[in-house]
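Trainee: Please take me through the charged side chains in this model. I would like a close look, step by step.

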Amino acid sequence: MSDEAFAEKLHRVRLDNPYELFGCFTASNQDLAVFAGKGPVNTDDRPIVTFGAPKFVYGQKQPSHMRLLELLKSVHPKPEDIIYAADSKEDRQFRNCLAAYWAARNKFLKAGVGVAKTGDVKELLKSVRGPLLDVVRTSADFSAAYRPLLAMAYSLSKTDPRWAEQLLLDLEKAGPHRDEARQLRLKLFAERPMAGIQD
């Protein structure tokens, strides 16, 4: 990612840091081989995948997100699968943070299952607040849960400021490594006395 031209291409698809890039990794080739099991080999003269994919996709009654979750339960990626296992303090920290990022990603995907579509932010929060705060606690670098909670707090500040303020306090406690929630709370509620953070 130190290559400026390559980093610019990654930025266009919102992969702005090493965690977002390597966070896309799901499984090693060994994990995938075990998951897939034995079967015929796909070759140029026998393009099994090309002709079998439509039947697999449209013939399955199971939704695609459930197949993804099934895959994630079956594989166990390790940072050493894709990162050279140097033993400096920085390398160990990066590997630990990457493993936490993967755990947060998997929790985030599970959190979205079964959530009813609604335009009511308060109703949505009743379903996702706890799971998303847990994701924030799991990884300091996983933003996909932090940012929606921040946006929901801002939206609620206009209609239900007490809910919004408490959500921001919860977000501060769950993600003390980030300052956006505190900054937004101070901007929105600077004149209000600070409430206690609830577990």
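**Charged side chains and their partners**

Mentor: Start with R185. This arginine is buried, at 7% relative accessible area. Keep in mind that the model is predicted. Now look at E172. With 14% relative accessibility, E172 is buried too, because the cut-off for buried is under 20%. The two residues form a salt bridge, and their closest N and O atoms are 2.4 Å apart. This pair joins distant parts of the chain. E172 belongs to helix α9, while R185 belongs to helix α10, residues 180-189. They are 13 residues apart.

The count of salt bridges comes to 10. Take another one, E8 with R12. Their closest N and O atoms are 3.7 Å apart. E8 is partly exposed, at 39% relative accessible area. R12 counts as exposed, because its relative accessibility of 61% is over 50%.

Next comes helix α7. Here K126 forms a salt bridge with E123, with 2.9 Å between the closest N and O atoms. They are 3 residues apart in the helix, about one turn. An α-helix has 3.6 residues a turn, so residues three or four places apart point the same way. K126 counts as exposed, at 56% relative accessibility. E123 is partly exposed, with a relative accessible area of 38%.

Stay with α7 a moment. At its start, a side-chain oxygen of D120 comes within 2.9 Å of the backbone nitrogen of K122. Further along, the helix bends by about 55° at V128, and the proline P131 follows within four residues.

Last, turn to E20 in helix α2, residues 18-22. What is the nearest side chain of opposite charge to E20? That is R147, 4.4 Å away. E20 is buried yet has no salt bridge, because a salt bridge needs the nitrogen within 4 Å of the carboxyl oxygen. Still, a polar atom of the E20 side chain lies 2.9 Å from the backbone nitrogen of D16. Leaving aside neighbours within four places in sequence, E20 is in contact with R14, L15, Y101 and R147.

Technical notes. Residues numbered from 1 in each chain as written. Predicted model: local features only at pLDDT ≥ 70, side-chain atom pairs only at ≥ 80, totals over all residues. Heavy atoms only, no water. Helix = DSSP H or I, 4+ residues; strand = E, 2+ residues; numbered from the N terminus. Buried < 20%, exposed > 50% of the residue type's maximum accessible area, 1.4 Å probe, protein only. Lys, Arg positive; Asp, Glu negative; His and termini not counted. Polar contact = N/O pair within 3.5 Å; in protein donor to acceptor, adjacent residues only side chain to side chain. Contact = heavy atoms within 4.5 Å. Bend = angle between axes of the 7 residues up to and from the residue.
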